[in-house]
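User: I have a model open here. Can you walk me through what is in the file?

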Amino acid sequence: MSFFRSMTRAPKAPKRSPTPTSATLSPTEPSFNNNNNHSAPPSPVVPSPTKPLYLCSPFVEAALVKGNFKTIVMLPKYVDIMEWVAVNIYDFYTNLNEFYGVLTECCTQQSCPTMSAGTALNYTWINQDRKSVNLPAPTYIDYVMTWVQNLLDDESVFPTKSGQDFAPSFPSTVKHIYRQLLRVFCHLYHAHYHQILHLRSEPHFNSLLAHYLAFGREYELLEIRDLRGNGNDSKQPGIGALWERWRDMGILDG
Ligand SMILES: [Zn+2]
């Protein structure tokens, strides 16, 4: 939407996470700078020759919703676009947070010492000194979820009373939220899909991600480069391939 693209005011500074786990790290905001997205040296990992389970049949087809997701992301008649985006962000966050809540005991500092999202991709956090640092995935996700929760609770960002307008920075803020929640999806698919299968939650989780991707593309909240990486296949998030597969299957548009 050109409407969103035209609004480029600087985003509100994220709040400090209330749950820092290290005295030496003071991350106050997620990494918004694309140049820093994949800048951390990857952990020494051996690329797996096997296809990830989420790309394999029947898991890749598992869904609660049949057909193209475009139909459920279209702006309903008479609904304000800001309200529509706000309520969907709230739902995506709430659902993703509940999924993560189920998986927290599997996602520990020991099992996930970095915010991994692909064979050679680890997301890094920008700390208070603007340095890119590796954090254990549960810490990174905790910071993201706390940051988003604080924004959702902030009336100046997500107004809930009639007569209150959305700030001009709202589209920009939402894009930042979108990128960070996508990273949480990326980590869960990359590192915890077998546990999702164990819980038989793959139709739910696939549908949530497909809905998230469809909504993000429809309202230009989701950057293609965040799905595909920067052209280096080993730096591509695992779900980039899933996104392409779902497009081929007609579940998602381009
Ligand atoms: Zn994990």
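Analyst: One term before the rest: helices here are DSSP runs of H or I with at least four residues, numbered from the N terminus. Just after helix α8, G250 takes a positive phi of about 85°. The model is a predicted one.

User: How many helices and strands does the protein have?

Analyst: There are 8 helices and 4 strands. Along the sequence they run α-α-α-β-β-β-β-α-α-α-α-α.

User: Back to α8. Which of its residues are buried?

Analyst: Helix α8 spans residues 238-248, and its buried residues are G238, I239, G240, L242, W243 and W246.

User: And what covers the buried residues of α8?

Analyst: The cover includes strand β1 (115-118) and the helices α5 (170-198), α6 (202-218) and α7 (224-228).

User: What percentage of the protein's residues is buried?

Analyst: Of the 254 residues, 38% are buried.

User: Contacts next. What share join residues at least 24 apart?

Analyst: It is 78%, counted among contacts between residues at least 6 apart in sequence.

User: Different topic: confidence. What is the average pLDDT?

Analyst: The protein averages 81, and 79% of the residues score at least 70. By element, helix α4 (residues 137-153) has the highest mean pLDDT, 97, while helix α1 (residues 2-5) has the lowest, 44.

User: Where does pLDDT stay under 50?

Analyst: Over residues 1-47. The model has 86 contacts beyond four places in sequence for that stretch. Where pLDDT is low, predicted coordinates should not be read in detail.

How values were computed: Residues are numbered from 1 along each chain as its sequence is written. This is a predicted model: local features need pLDDT of at least 70, side-chain atom pairs count only at pLDDT 80 or more; totals for chains, interfaces and linings use all residues. Helices (H or I, at least four residues) and strands (E, at least two) are DSSP runs, numbered from the N terminus. A residue is buried if 20 or more other C-beta atoms lie within 10 Å of its own, exposed if 12 or fewer, and partly exposed in between; C-beta atoms are placed from the backbone. Two residues are in contact if their C-beta atoms, placed from the backbone, lie within 7 Å. pLDDT is the predictor's confidence in each residue, from 0 to 100.
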